[in-house]
Amino acid sequence: MSQPLLQAINLSHAFDYPLYHDVSLQISAGESIAVMGRSGSGKSTLLHTLAGLIEPLSGEVQLFGENLYEMKEEQKERLRRYRTGIVFQQHYLFKGMTALENVEIAALLAEEPIDPELFERLEIAEVMGQKVSELSGGQQQRVSLARVLSKKPEIIFADEPTGNLDRETSELVMAMMMEYIRKHDAALFIVTHDEEIASLCGLCYRLEGQKLSRCEKEV
Ligand SMILES: Nc1ncnc2c1ncn2[C@@H]1O[C@H](COP(=O)(O)OP(=O)(O)O)[C@@H](O)[C@H]1O
Ligand SMILES: [Mg+2]
C-alpha cells in the first residue's frame with residue numbers, strides 16, 4: 001500500500017483551555033474524512049495544524065512523507081502553493097477584487113489553467129465579475145472553493161465549506177469535492193456541523209471530550 005498523504009501522530013493543542021490530546025489520523029489518496037464536533041471543540045485549530053498553519057503543542061504531522069513542522073518556511077509555502085488547498089471558514093478572499101481575480105491569483109501562483117466550467121457547475125458564473133464584497137456569504141464560500149479547486153491540490157482542507165449554503169447547494173458543493181478527489185486521486189479533510197455532509201465522506205470522526213473518535217453510527 002502506498003504511504004498516506006498525511007499522517008497526524010498524537011497531536012495536542014490548548015489555548016485558554018485544553019482542546020484535544022493524542023489525536024492521530026491518516027489520510028491516503030482517494031480518501032475523504034469528516035470531523036464533526038461542537039463549536040469551540042478545536043476543529044478549526046486541528047484543520048489549521050494539519051494544513052501547516054498552527055504548530056501543535058505536541059505531536060507531529062507528516063505531510064507527503066515529511067515532518068511539516070521541521071520544514072523551512074519556504075518549503076511549507078511551496079506546499080501550500082502547489083500541493084494543498086485550504087477552504088477557510090472565513091473565506092479570506094480579497095474583498096476589493098472581483099471573484100474572478102481572486103481565482104486568477106490562486107491559479108497563477110499554482111501555475112494551473114482556470115476551467116470556466118467550474119464556475120458554471122458551482123452556479124457562480126454570473127457573479128464572477130462582481131467584487132467579493134458584493135457577494136452573499138454562500139457565493140463567497142463557492143468562490144473560495146473554486147479558488148482551491150483551480151489550484152489542483154493533492155489534499156483539500158475544508159473548514160465548514162457548506163456552512164452558509166442551503167441543502168441543495170451544500171450537496172452540490174460536496175459532490176464536486178468528492179468528484180475532484182476521485183478524478184485527481186486527491187484527499188479531502190473536511191470539518192462540518194452537518195451530519196448529512198459528514199455521512200458522504202468515507203470516514204467520520206467526532207472531536208469531543210478532548211478526543212477524536214470514530215462517529216458512532218457507521219456512516
Ligand atoms: N489563535 C487563538 N488564540 C487563542 N484562542 C484561540 C485561538 N484560536 C482559537 N482559539 C480558541 O480555541 C477554541 C477552539 O477554537 P476552534 O478551533 O476555532 O474551534 P471550532 O472550530 O471547533 O469551533 C475556542 O475557544 C477559540 O476561542
Ligand atoms: Mg471552526
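**Strand pairing, fold and ligand shell**

Q: In β5, which residue is the bridge partner of Leu-63?
A: This is a predicted model, where local features need pLDDT of at least 70, side-chain atom pairs count only at pLDDT 80 or more, and totals for chains, interfaces and linings use all residues. Residues are numbered from 1 along each chain as its sequence is written, with chains lettered from A and ligands numbered from 1 in the order in which they are written. Strand β4 (residues 58–63) runs antiparallel to β5, with two bridges joining them. Leu-63's bridge partner in β5 is Glu-66.

Q: Which are the edge strands of the open sheet?
A: Follow the order, β2-β1-β4-β5, with antiparallel pairing (at least two DSSP bridges between two strands). An edge strand pairs on one side only, and that picks out β2 (18–27) and β5 (66–67).

Q: How does the radius of gyration of the protein compare with the globule rule?
A: The protein has seven helices and 10 strands (DSSP runs: H or I, at least four residues; E, at least two). For 219 residues the globule rule (2.2 Å times the number of residues to the power 0.38, for C-alpha atoms) gives 17 Å. The protein is as compact as a globular protein of that length, because its radius of gyration is close to that value, at 17 Å.

Q: Which helix gives the largest share of the shell around ligand 1?
A: Residues around ligand 1 (C-beta, placed from the backbone, within 6 Å) include Phe-15, Asp-16, Gly-40, Lys-43, Ser-44 and Thr-45. The largest share, three residues, comes from residues 43–50, helix α1.
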